[in-house]
Amino acid sequence: MGYLIALVIAIGFGVPIAVIGGGLGQGKAVASALEAMARQPEAAPKLQLAMIIGLAFIESLVIYALVIALIMLFTGVPSAGVLLKTLVK
Amino acid sequence: MEEPKTWLHFLYVKHMLPEWLPEAVPVTWVVILIICAGVIAMSGRWKTRLPGRYQAFLEFVVVSLDNFVRSIVGDEAKTLTPIIGSFFIFILLLSLFGLIPGFVSPTANINTTVALALVAFVIVQYYAITRLGFVNYIKHFLGEPLWLAPLMFPIHVIGELARPLSLALRLFGNIFGEDLVIAVLMLIVMRLLGNALIPIQFPMMLFAIFTSFIQALVFAMLVGIYIAVALAEHSESH
């Protein structure tokens, strides 16, 4: 029971912190892309493509944190005692 | 989480497939069959003038992919467009299949994405080794000042191995996350409103179409960029 509480607290704080970093990064990327598009509207399609691809890269870092959270939730991370017992055997 | 049952569950019931095979594998076969059927439908009926609508659509797809690959790789696009285009179309169709009721996305299973990333890794290494030559390939790992080689070699190797890992995890996390959000939205509505079938997950499904497209594009483009970087080493050393 305590394990579940600890797991929920860890995931509940871990994933949103990763999302903060991802949000800041994506905001910066979109801001500079929009500024460049406003400066030179005829280059807008190329800038839009590069912006979307850059956003996918930044988002993938947040997705890594989400994947760790999913692994912990669904397949379970053994507690330290169980892990040590299996290693000693 | 227990495995969802798809339309292809009868293959397991009739014992044609073993129990431990994920439901995603027969769905992958169905997608492959659809792609092959879609292309074979055009065989022997290629018109140079006055193309029909289906031929015009296929030409549009191929020419767009060729332009896209050409913007990444440059002149090698003749040999590379089939590979990168195939990655794009395959991953796009695999990811979109999950939105059809009664099917799962094979890319929402980590096995499919790791397999695709491994294939991409082998393709990139093959291009690097055949174009650079094996000695130059190893020298590229050793870095510039040769006395820093014991430090640079593990860093380069780990960086090289991190690329297929990131490809697999990015695709898996995006597609599985989208499917999970759709499933959770459906569950919330059904549990709170007493099994009411309100399609509140429909905007998320539209967003999932967008995400599948972007992730397929990013995967194919990354494979193209890795190959282009490996080939650029080749032309630099001349």
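The largest cavity of the predicted model is lined by Ala117(B), Ala120(B), Phe121(B), Val124(B), Gln125(B), Glu160(B), Arg163(B), Pro164(B), Leu167(B), Val223(B) and Tyr226(B). A cavity is here a set of points, on a 1 Å grid over the protein atoms alone, where a 1.4 Å probe fits but cannot get out, and lining residues have an atom within 4 Å of a point. The volume of this cavity is about 70 Å³, a volume being the space filled by probe spheres set on the points, with grid points joined across faces, edges and corners. At least two lining residues come from each of α5 (110-132), α7 (149-192) and α8 (202-236) of chain B, and α5(B) gives the most, with 5 residues. Helices are DSSP runs (H or I, at least four residues) numbered from the N terminus. By class, this lining comprises 8 nonpolar, 1 polar and 2 charged residues; Ala, Val, Leu, Ile, Met, Phe, Trp, Tyr, Cys and Pro count as nonpolar, Asp, Glu, Lys and Arg as charged, and the others, Gly among them, as polar.

In total, the structure holds 2 cavities of 30 Å³ or more. Ser95(B), Leu99(B), Ser105(B), Ile175(B), Glu178(B), Asp179(B), Ala208(B), Thr211(B) and Ser212(B) line the second largest cavity, with α7 and α8 of chain B each supplying at least two of the residues. The lining of the second largest cavity divides into 3 nonpolar, 4 polar and 2 charged residues.

At the interface of the chains, 16 residues of chain B are in contact (heavy atoms within 4.5 Å) with 12 residues of chain A. Between chain B and chain A an area of about 1300 Å² is buried, 84% of it given by carbon and sulfur atoms; buried area is the accessible area (1.4 Å probe) that two parts lose on being put together, summed over both. The count of salt bridges (a side-chain nitrogen of Lys or Arg within 4 Å of a carboxyl oxygen of Asp or Glu) between the chains is 0. Across the interface, 1 residue pair is in polar contact, both residues being at pLDDT 80 or more; such a contact is a pair of N or O atoms within 3.5 Å, where, within protein, one must be able to donate a hydrogen and the other to accept it, and residues adjacent in sequence count only if both atoms are side-chain atoms. On the side of chain B that touches chain A, α7 and α8 of chain B are the elements giving two or more residues, and α7(B) gives the most, with 8 residues. The residues of this side comprise 11 nonpolar, 4 polar and 1 charged.

Residues are numbered from 1 along each chain as its sequence is written, while chains are lettered from A and ligands numbered from 1 in the order in which they are written. In this predicted model, local features need pLDDT of at least 70, side-chain atom pairs count only at pLDDT 80 or more, and totals for chains, interfaces and linings use all residues, while side-chain values use heavy atoms, with hydrogens and water left out.

Note on methods. 1 Å grid on protein atoms, 1.4 Å probe; cavity = no way out; pocket = protein on both sides within 12 Å on 5 of 7 lines; lining within 4 Å.
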